[in-house]
Amino acid sequence: MSHSPSTTTPVVAVADRAVRPSRVAPHRRRHSLTTRRQHRAAYLFILPFFVIFITMLVVPLVYAGYLSLFESRLIGGEQFAGLANYARAFADPNFWGGLGRVALFLLIQVPIMLGLALFFALALDTGRARGSRSIRLLIFMPYAVPAVIATLMWGYLYGPDFGPLAQVARGVGWGTPDFLSPGNILGSMMNIVTWEFIGYNMIIMYAALRAIPAELYEAAEIEGAGQFRIAWSIKIPSIRPAILLTVIFSVIGSFQLFNEPSLLNAIAPDAITNSFTPNYYAYNLAFINRELNYAAAIAFLLGLVIAVVSYVVQLGEQRREQRERKGL
């Protein structure tokens with residue numbers, strides 16, 4: 001007995017719909033199970049970072065904030081002080097003096113260091129320097145030297161009695177320069193930090209330069225642009241995000257200046273006080289004067305200053321980019 005198409009087609013369609021879910025569902029379940037396993041593996045990989053981040057940064061930060069709201073008294077022990085420690089910091093000339101020295105350090109040292117780093121990065125990127133790999137390694141090598149060793153080394157070089165610089169100056173007839181005097185100690189620290197970090201910033205800028213498409217250079221050379229014009233109009237604008245990154249890192253590092261004053265204090269105690277920088281001041285308050293609560297308040301205010309200055313730098317860069325876009 002034959003069946004007409006009109007009667008068989010609905011039956012096949014219904015049967016097909018009934019069969020498809022049973023065929024597709026296991027594949028979907030396997031895919032969902034694989035995705036969950038991948039997510040669990042990803043969380044396990046990033047778990048060590050969050051553990052270290054919470055235990056080494058978040059917990060100490062919260063604890064320091066808690067300490068800054070109390071004060072220790074001979075009679076009564078720990079007592080809640082509210083914002084009294086912060087009010088004391090705002091009226092503390094030692095804190096403002098150290099902050100002023102750091103601001104001067106930032107305004108002078110950072111432009112010099114980043115300017116030299118940019119110059120070296122551009123010079124190495126041209127490919128005309130012979131032995132560019134060796135030169136790049138030599139410039140970066142001071143960054144591999146620990147800050148403690150670098151400071152001690154430069155402290156020996158600055159020595160007015162047996163330091164090589166002083167001996168050479170006396171041999172030439174220039175007298176004995178006192179690099180560790182109160183008027184020169186800040187400049188000596190600028191030189192140390194510049195020597196340490198110029199290679200680090202140069203590598204960041206150089207890596208950004210290597211990512212610029214070569215077609216831009218070829219088009220500029222066809223138009224008759226020289227190396228200076230290419231660097232000013234193509235290279236520097238293309239690596240502005242990298243330059244901004246180095247500026248922010250340098251701002252943070254300047255306000256956290258600690259190794260240099262703490263080590264040079266043993267060599268030049270008359271030039272470096274216990275409040276030479278805010279970071280060094282907080283350290284002396286906490287571990288020498290035993291004023292943990294006030295030191296925590298100083299550290300919080302210093303972190304706030306760093307955040308504000310970094311935000312101002314980023315905001316200025318964003319507004320400049322907006323003006324350029326509107327000009328185009």
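1. The second largest pocket of this predicted model has a volume of about 340 Å³. Its lining is made up of 19 residues, and those closest to the pocket centre are Val193, Phe197, Phe249, Gly253 and Ser254.

2. Of the elements involved, α7 supplies the largest share, 5 residues.

3. Sorted by class, the lining of the second largest pocket holds 10 nonpolar and 7 polar residues, together with 2 charged ones.

4. The largest pocket has a volume of about 630 Å³. It is lined by 20 residues, of which Ala64, Asn279, Ala282, Ala295 and Ala299 are the closest to the centre.

5. Which elements give two or more residues to the lining of the largest pocket? They are α1 (5-67), α12 (278-287) and α13 (292-327). The most comes from α13, which gives 8 residues to this lining.

6. The lining of the largest pocket has 17 nonpolar residues and 3 polar ones, and no charged residue is found there. For the second largest pocket, by contrast, the lining includes 2 charged residues.

Terms used:
Residues numbered from 1 in each chain as written. Predicted model: local features only at pLDDT ≥ 70, side-chain atom pairs only at ≥ 80, totals over all residues. Heavy atoms only, no water. 1 Å grid on protein atoms, 1.4 Å probe; cavity = no way out; pocket = protein on both sides within 12 Å on 5 of 7 lines; lining within 4 Å. Points joined across faces, edges and corners; volume = space filled by probe spheres on them. Helix = DSSP H or I, 4+ residues; strand = E, 2+ residues; numbered from the N terminus. Nonpolar A, V, L, I, M, F, W, Y, C, P; charged D, E, K, R; others polar.
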